Amino acid sequence: SHSDHGRNMALTLIAVGEGKAPGFQVKDEKKLRRVAGYLGVPTDKRTTQEIALDVGKTALAEFGKQEGELLYLKRAPQKRQEIWRKLQIAPRGIDREVTEAMHRTTMGVDQDAEHILLQAMRVSLADGWGGSMLSTDISDILFGTPTPVMGAFNFGVLQEDQVNIVIHGHEPTLAELIVVMANDPDLLKYAESKGAKGINVVGMCCSGNELLMRHGVPMAGNFLQSDLIMASGAVEAMVVDYQCTMQGMQAAAEHYHTRVITTSPKAKITGATHIEFDDHRGPEIAKLIIRTAIDTFPNRKKVHIPNYIEPAIVGFSHEYIAYMQGGSYRESFRPLNDAIMNGRIRGAAGVAGCNNPHTMHDNAHVNIIKELIKNDVLVVTTGCAIAGGKHGMLTPEVMEFAGPGLREVCQAIGIPPVLHMGSCVDNSRILTVLSQCATEGGLGEDISDLPAVGIAPEWMSEKALTIGTYLAASGVYTIFGMDSPVAGSKEVTRMISEGWEEKTGGKLEFEADWRKIVEKSLAHIDAKRKALKLEEYNPQRYAQSAAYRPADYLSEDDFRKGKYTLSSK
Ligand code: MSK
């Protein structure tokens, strides 16, 4: 799914290069040139448009490539690349690996669990280091590489007197245009003529993340809130492209006045309005969608917007993380590596993934993040793990809950201890950060040497499993919450854990109890620190230099009573 999303981004970039995508342009030329370098596209004495066209075409060719290796694999540490080659899991072409996996899982083909799991790793690597990384890069080229921006979370971002348009799904292309067109004077006048005081665009799920991190467009919520938000009676249009759209969304919308508008040629919902997006007519389609939402405004009945809203600082791309550690000319990961080496920061964790209705919404995400930062572990979040944002955890104030060493570093660099890195496709940014930490020096030579973990406490999507698998294949200890889809086989459970650890240095485990996830994460981080011969982590060591205030858990009781925002406390 993420790779197919990446393909769409490549096609849009090609259309921009050909001058056939009105409303779109190259916004980050520096990134375009950097990506051209990775892909071997010449840049000397060439126009932006020429480079964009070739970058788009080279990116697209990665999907259909039959032989060799994906070009982005060389962005991984040398040692990691050698491991992939030795295991014969270096992906050749994105589509080829997916097709081969579909073949191998056909009745009567690959019947050796260990062997088929190697292909699972190869597919996932094609997704992470291929389709997802290309998607992230091209989104940055077209819409700008994120830098920190002020945003806001939760249902309180809806406006009672305005036309509310919720953008839900994954692709940022149409979403970007809707944000721009919502300021069109004619459309604003039209909204007024229907009794509305304006047009309010808010995000949901990963399209929301894309808009939030680039423009500070408020984020109404994550996956499990997507149907609930319509019950406010204040959502005129729920605009969805693909992925993570609830199957009952249209049925739920029929209880209210909300129009569900599907926009992708790949995804329709029975009963929903379909207004298909086409790069070549972007602004026109965006306007039509906004008009449809405005026309729905007079149908409102009872409106109740829950009064929950949390501010957040978001938009920490890997480029910005490097920049903030040395500025434009000396960007590096040195200060971060040094802080890990001297024990101010114990290690790092990527908390990512979905919400799952089998567990209390956001509870594991929030408690895990709180406990990790209390223990001086720097946290990065993506996708629906922005749960923390709704609980005030993406603000500098959350420093109050961070351990003293972590707090000192964050205050010195000027970052919160929980960094928002984007949508679920942007987990590729985490791969880049890990590679940069591994090659910076002082923390070994490979991703598997780093005191770092990947966690998806409330996963539900196949995409999350792919992410977990590419992290493990890249050398990361990855822990998923919820149930294991391979629990029925002790042998497969062992293979993806100890078995993969022997092969790649990373492993994938399932642990339903968030407390145990924290315990395992800290134990792993400490074991890696020991293997690197770093000083043993001492929580008291920096307690003198930063006043320490321990974090308290969000109890289940607090959640149930609705006391779940820092501001309401
Ligand atoms: S939207 S894949 S529920 S993170 Fe990217 Fe969220 Fe998971 Fe979908």
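A: A salt bridge is a side-chain nitrogen of Lys or Arg within 4 Å of a carboxyl oxygen of Asp or Glu. This is a predicted model, in which local features need pLDDT of at least 70 and side-chain atom pairs count only at pLDDT 80 or more, while totals for chains, interfaces and linings use all residues. Residues are numbered from 1 along each chain as its sequence is written, and side-chain values use heavy atoms, with hydrogens and water left out.

Q: How many salt bridges does the structure hold?

A: Side chains of opposite charge can pair when their charged atoms come close. The structure holds 43 salt bridges. In one of them, lysine 374 meets glutamate 371 at 3.4 Å, N to O.

Q: Where do lysine 374 and glutamate 371 lie in helix H14?

A: Helices (H or I, at least four residues) are DSSP runs, numbered from the N terminus. An α-helix has 3.6 residues a turn, so residues three or four places apart point the same way. Lysine 374 and glutamate 371 are three residues apart in helix H14, about one helical turn.

Q: Is aspartate 362 buried or exposed?

A: Buried means under 20% relative accessible area, exposed over 50%, and partly exposed in between (1.4 Å probe, protein chains only). Aspartate 362 is buried, at 3%, and lysine 390 is likewise buried, at 3%. These two residues form a salt bridge, with their closest N and O atoms 2.4 Å apart. The pair links distant parts of the chain, 28 residues apart.

Terms used
Helix = DSSP H or I, 4+ residues; strand = E, 2+ residues; numbered from the N terminus.
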